Amino acid sequence: MKLEMDITFKEDGPVTIQHDYHASVLSVIKNAIKNYSPDDFERLFSGSVQKNYCWGMSFIGSGFSDAGDQLKIKFRFLQDKDAFLFYSALHDYDFSLNPQLFSHEFDLTRLSLSDEKKVTNKIRICTSSNIVLAVENHETGKKKYLEKFNSLVFKDSLENKIKSAGKKYSYLLKYTDDLAIVPLNEQTHWNSLYGFKIPTISGEFIVVGNKDLVNFMFDAGMGQETGSGFGLAKVVQQFD
């Protein structure tokens, strides 16, 4: 399912958005969910829980220093229960408790929840929010973030998502070896995440594999840190 929300800033003139926008947006989302359902807040955000949803943000202006007066935030969820939770929490939340975003007053002007059609087993997609890939050193616990797309690391992150999603999805593990994902027009960016600069990857990708697995990947988000505003993609072309 997809959830779309529009935020309109109250003041006139250009709005500046910091490049480390993920934490600011996520803070509003977390506060809404904590207020609506403390148990679900603990389920989703306590410790290093794997997130099986993704989101991204766009604005109507020319750039971060002049973002215009409106933000569009889109979420995609693997599990309907999480989609309904986010929608209900945001719908019921008193935004006066978070009166500012990026130091500007704002209104939530649209909130929409809808189904999406399943994609085919062969698609061409484009990143809406960049992909994060990292390899963890098991001795030190530190992550090395990758500057280039790596299919083995991507498949490893996908398998971790499948394992965390529950027994319902465990059958998908047998299809990951046969998944083909080819980057096109790949570009490396340096994004801020919680005060640190990390490399992220954008571009178009050809994806071919088991249909259920491709849809899982598309809904749960591509790569890592998807709950922090990465890994959202849109379909450019579907092949029969």
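Predicted model: local features only at pLDDT ≥ 70, side-chain atom pairs only at ≥ 80, totals over all residues.
Me: Why is glutamate 204 called buried?

Reply: Buried means under 20% relative accessible area, exposed over 50%, and partly exposed in between (1.4 Å probe, protein chains only). Glutamate 204 has a relative accessibility of 18% and therefore counts as buried.

Me: Which residues is glutamate 204 in contact with, leaving aside its neighbours within four places in sequence?

Reply: With contact taken as heavy atoms within 4.5 Å, the list for glutamate 204 includes Arg124, Ile125, Cys126, Val182, Asn185 and Val236. The side chain of glutamate 204 also makes a polar contact of 2.6 Å with the side chain of arginine 124, the limit for such a pair of N or O atoms, one able to donate a hydrogen and the other to accept it, being within 3.5 Å.

Me: What makes threonine 226 count as buried or exposed?

Reply: The relative accessible area of threonine 226 is 2%, and therefore this residue is buried, although its place is in the loop between helix H5 (211–220) and strand S11 (233–238). Setting aside neighbours within four places in sequence, threonine 226 has contacts that include Lys51, Cys54, Trp55, Lys161 and Gly231. Its side chain reaches the backbone oxygen of tyrosine 53 at 2.9 Å, while the C-alpha atoms of threonine 226 and valine 132, which stand 94 residues apart along the chain, are separated by 8.0 Å.

Me: Why is the pair of aspartate 6 and lysine 72 called a salt bridge?

Reply: A salt bridge is a side-chain nitrogen of Lys or Arg within 4 Å of a carboxyl oxygen of Asp or Glu. The side chains of aspartate 6 and lysine 72 meet at 3.2 Å, N to O, in a salt bridge. Aspartate 6 lies in strand S1 (residues 2–9) and lysine 72 in strand S3 (residues 70–77), so this pair ties together parts that are 66 residues apart in sequence. Aspartate 6, at 6% relative accessibility, counts as buried, whereas lysine 72, at 35%, counts as partly exposed.

Me: What does the salt bridge of arginine 110 with aspartate 6 tie together?

Reply: The closest N and O atoms of arginine 110 and aspartate 6 are 3.1 Å apart. Arginine 110 lies in strand S5 (residues 104–114) and aspartate 6 in strand S1, so the parts tied together are 104 residues apart in sequence. Arginine 110 is partly exposed, its relative accessible area being 33%.

Me: How are aspartate 40 and arginine 43 placed in helix H2?

Reply: Aspartate 40 and arginine 43 are 3 residues apart in helix H2, so about one helical turn separates them, and their side chains meet in a salt bridge of 3.1 Å, N to O. Both count as partly exposed, aspartate 40 at 23% relative accessibility and arginine 43 at 32%.

Me: Which residues do salt bridges that share partners join into one network?

Reply: Glu4, Asp6, Lys72 and Arg110 are joined in this way, and the count of salt bridges comes to 11.

How values were computed: Residues numbered from 1 in each chain as written. Heavy atoms only, no water. Helix = DSSP H or I, 4+ residues; strand = E, 2+ residues; numbered from the N terminus.
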